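Work through the exercises below with the sequence and the coordinates at hand. Each task is followed by a solution in steps.

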Amino acid sequence: VRGPVHAAVGNPDDLIMSELKRRDIVRPRQFVVTAGTISSDTQLLSPFPPGIVVGTVTSVDDAGQDTQRAHLRPAADLGRLEYVQVLTKVVNGNRAQ
């Protein structure tokens with residue numbers, strides 16, 4: 001299942017995964033991870049390597065419909081981060097190995 005993730009307006013503790021299709025099965029407690037580069041077009045390289053946990057599904061609006069959206073609890077409390085690691089080197093176009 002693929003779709004963009006963004007913070008809910010006014011609530012950074014609620015991430016929303018949208019553009020899900022009716023056939024996409026999304027359930028609470030599932031993990032959402034970065035996909036990395038999925039396009040063969042070298043102009044569309046992802047800045048994120050695959051497999052980084054983004055969050056956990058907490059609920060799904062309109063499940064089984066073309067309008068379904070998944071709500072996620074972020075994997076990290078961004079307001080409490082003290083240390084981060086900056087990724088500076090792209091390996092294999094950030095594609096899964």
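The exercises treat salt bridges, backbone angles and strand pairing in turn.

The model is predicted, so local features require pLDDT of at least 70 and side-chain atom pairs count only at pLDDT 80 or more, while totals for chains, interfaces and linings use all residues. Residues are numbered from 1 along each chain as its sequence is written, and side-chain values use heavy atoms, without hydrogens and water.

**Exercise 1. Salt bridges**

Determine how many salt bridges the model holds, and describe each pair.

Step 1. The criterion is a side-chain nitrogen of Lys or Arg within 4 Å of a carboxyl oxygen of Asp or Glu. Under this rule the count is two salt bridges.

Step 2. One of them joins Asp 66 to Arg 22, with the closest N and O atoms 3.5 Å apart. Asp 66 lies in the loop between strand E4 (53-61) and strand E5 (69-74), and Arg 22 in the loop between strand E2 (11-17) and strand E3 (31-33), so the pair ties together parts that are 44 residues apart in sequence. Strands here are DSSP runs of at least two residues, labelled E and numbered from the N terminus.

Step 3. Arg 69 and Asp 61 also form a salt bridge, at 3.7 Å from N to O.

Step 4. Accessibility classes follow relative accessible area: buried is under 20%, exposed is over 50%, and partly exposed is in between, with a 1.4 Å probe and protein chains only. Arg 22 is partly exposed at 47%. Arg 69, at 32%, is partly exposed, and Asp 61 is partly exposed at 29%.

**Exercise 2. Positive phi**

Where does Glu 19 lie, and is Arg 29 buried or exposed?

Step 1. Glu 19 is not a glycine, yet its phi is positive, at about 60°. Glu 19 is located in the loop between E2 and E3, and its relative accessible area of 60% makes it exposed.

Step 2. Arg 29, likewise not a glycine, has a positive phi of about 80°. Arg 29 is placed in the loop between E2 and E3, and with a relative accessible area of 71% Arg 29 is exposed.

**Exercise 3. Strand pairing**

Which residue in E4 is the bridge partner of Val 32, and how many bridges join E4 to E5?

Step 1. Two strands count as paired if DSSP finds at least two bridges between them. E3 and E4 pair antiparallel over three bridges.

Step 2. Val 32 has Gly 55 in E4 as its bridge partner.

Step 3. E4 and E5 run antiparallel and are joined by six bridges. Here Gly 55 stands opposite Pro 74 in E5.

Note on methods: Helix = DSSP H or I, 4+ residues; strand = E, 2+ residues; numbered from the N terminus.
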